[in-house]
Amino acid sequence: MLHKIIKGLDQHAQIESVDAHCDIPCGIYDPHHAQIGALTVIRMVDLIDQHVKEHGKIETAEFFNSMARYIAVKEEHAELVKHEIRVIWGDFIKENHTEQFPQLHGLVHKIMALGSKARQTVDRETAMLLLDAVNEFAEIFWQIKGKGTKRVKSPYSVSEDMVVPEL
Amino acid sequence: MFRLLKVLGRSLHPDFQDGDYVLTAKAPFPSGKIKAGDVIVFRQPVHGFLIKRVSRVLDAGQTFEVRGTQVDSTDSRNFGPVPLSRVSGKVIWHIRQK
């Protein structure tokens with residue numbers, strides 16, 4: 001009743017507002033894109049290896065065209081991993097989270113370095129290390145959100161482990 | 001001395017909901033000094049005019065650590081403690097929608 005009266009008054013008198021501010025607004029964060037990015041990097045490394053084995057040293061336009069596309073996608077998705085993790089780290093992770101998970105800053109730095117190395121190299125081991133680190137980040141993220149996680153085989157062309165939330 | 005303000009946002013949900021009204025009092029606060037658990041309104045240089053709950057009183061009441069209720073609330077975890085000089089008032093009456 002009182003709220004209704006004040007609301008009516010507000011429509012005429014424009015009561016000043018005070019902001020119970022969340023990050024734009026109570027943001028939606030999810031490490032899923034980073035995980036997809038890491039899996040894509042592995043897939044591109046596999047495709048590049050397969051492409052070289054199938055074509056040997058035949059230097060055709062088709063060979064270079066496909067190779068350029070694989071490399072471009074690998075570059076793009078390694079950078080996507082870094083971007084997505086940076087956003088969650090900068091906008092979602094708070095001081096109390098890093099107190100609870102003191103390995104977080106080191107883990108994020110590791111992902112940045114592995115993301116760069118995955119761009120510089122065509123190395124499945126590096127790509128796997130990137131995925132492992134991103135999965136570890138996802139486990140911590142979902143723990144902060146109060147959700148349990150499980151590891152499943154990805155349903156994509158790269159059948160590697162993915163951490164998924166138990167929603 | 002007293003101000004009627006409208007709450008916008010969900011940082012203090014479910015205690016304070018978007019669209020609730022609050023009556024605030026300026027210092028010296030009629031209900032005594034600010035203590036942990038009080039809800040205060042203050043000017044924050046980057047984020048503007050904010051309402052948050054005091055989680056800790058620091059420096060003998062000269063600064064306050066404030067928190068929202070949401071995991072992604074923008075609060076002292078982002079901008080540090082709030083000095084008393086920036087506090088505009090303490091909530092003394094909460095007018096809920098329901």
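Here are some notes on this two-chain predicted model, for someone opening it for the first time.

1. Ground rules. This is a predicted model, where local features need pLDDT of at least 70 and side-chain atom pairs count only at pLDDT 80 or more, while totals for chains, interfaces and linings use all residues. Residues are numbered from 1 along each chain as its sequence is written, chains are lettered from A and ligands numbered from 1 in the order in which they are written, and side-chain values use heavy atoms, with hydrogens and water left out.

2. Chain A on its own. You'll find six helices and three strands here; helices (H or I, at least four residues) and strands (E, at least two) are DSSP runs, numbered from the N terminus. Starting at the N terminus, the order in chain A is α-β-α-α-α-α-α-β-β. The C-alpha trace of chain A covers about 80 × 35 × 25 Å along its principal axes. Its radius of gyration is 22 Å, whereas a compact globule of 167 residues would come out near 15 Å. That radius is taken over C-alpha atoms, and the globule rule is 2.2 Å times the number of residues to the power 0.38.

3. Chain B on its own. This chain has one helix and seven strands, arranged β-β-β-β-β-α-β-β from the N terminus on. Its C-alpha trace spans about 35 × 30 × 20 Å along the principal axes.

4. How much the chains touch. The contact (heavy atoms within 4.5 Å) involves 23 residues from chain A and 31 residues from chain B. Together the two chains bury about 2,400 Å², with 61% of it on carbon and sulfur atoms. On the chain A side, H3(A), V18(A) and K94(A) lose the most area to chain B, together 28% of what that side buries. Buried area here is the accessible area (1.4 Å probe) that two parts lose on being put together, summed over both.

5. The rule finds three salt bridges between chain A and chain B, a salt bridge being a side-chain nitrogen of Lys or Arg within 4 Å of a carboxyl oxygen of Asp or Glu. E16(A) and R3(B) pair up this way through their side chains, at 2.3 Å, N to O.

6. Which parts of chain A face chain B. Helix 1 (2–13), strand 1 (17–19) and helix 4 (95–100) of chain A each supply at least two residues of the side that touches chain B. The largest share, five residues, comes from helix 1 of chain A.

7. Strand 1 of chain A runs parallel to strand 1 (residues 2–8) of chain B, and three bridges join them; two strands pair if DSSP finds at least two bridges between them. S17(A) has K6(B) as its bridge partner, and D19(A) stands opposite L8(B). Within chain B, strand 1 is also joined by five bridges to strand 2 (residues 21–25), this time antiparallel. There, R3(B) is partnered with T24(B), and R3(B) is also the residue in the salt bridge with E16(A).

8. A salt bridge inside chain A. Over all chains, the structure holds 15 salt bridges. One to look at joins the side chains of E79(A) and R119(A), at 2.5 Å, N to O. E79(A) sits in helix 3 (residues 61–92) and R119(A) in helix 5 (residues 104–120) of chain A, so the pair ties together parts that are 40 residues apart in sequence.

9. Two backbone details in chain B. The peptide bond from H13(B) to P14(B) is cis, with omega near 5°, and P14(B) lies in the loop between strand 1 and strand 2. D59(B), a residue other than glycine, has a positive phi, near 50°. D59(B) is in the loop between strand 4 (48–58) and strand 5 (63–67).
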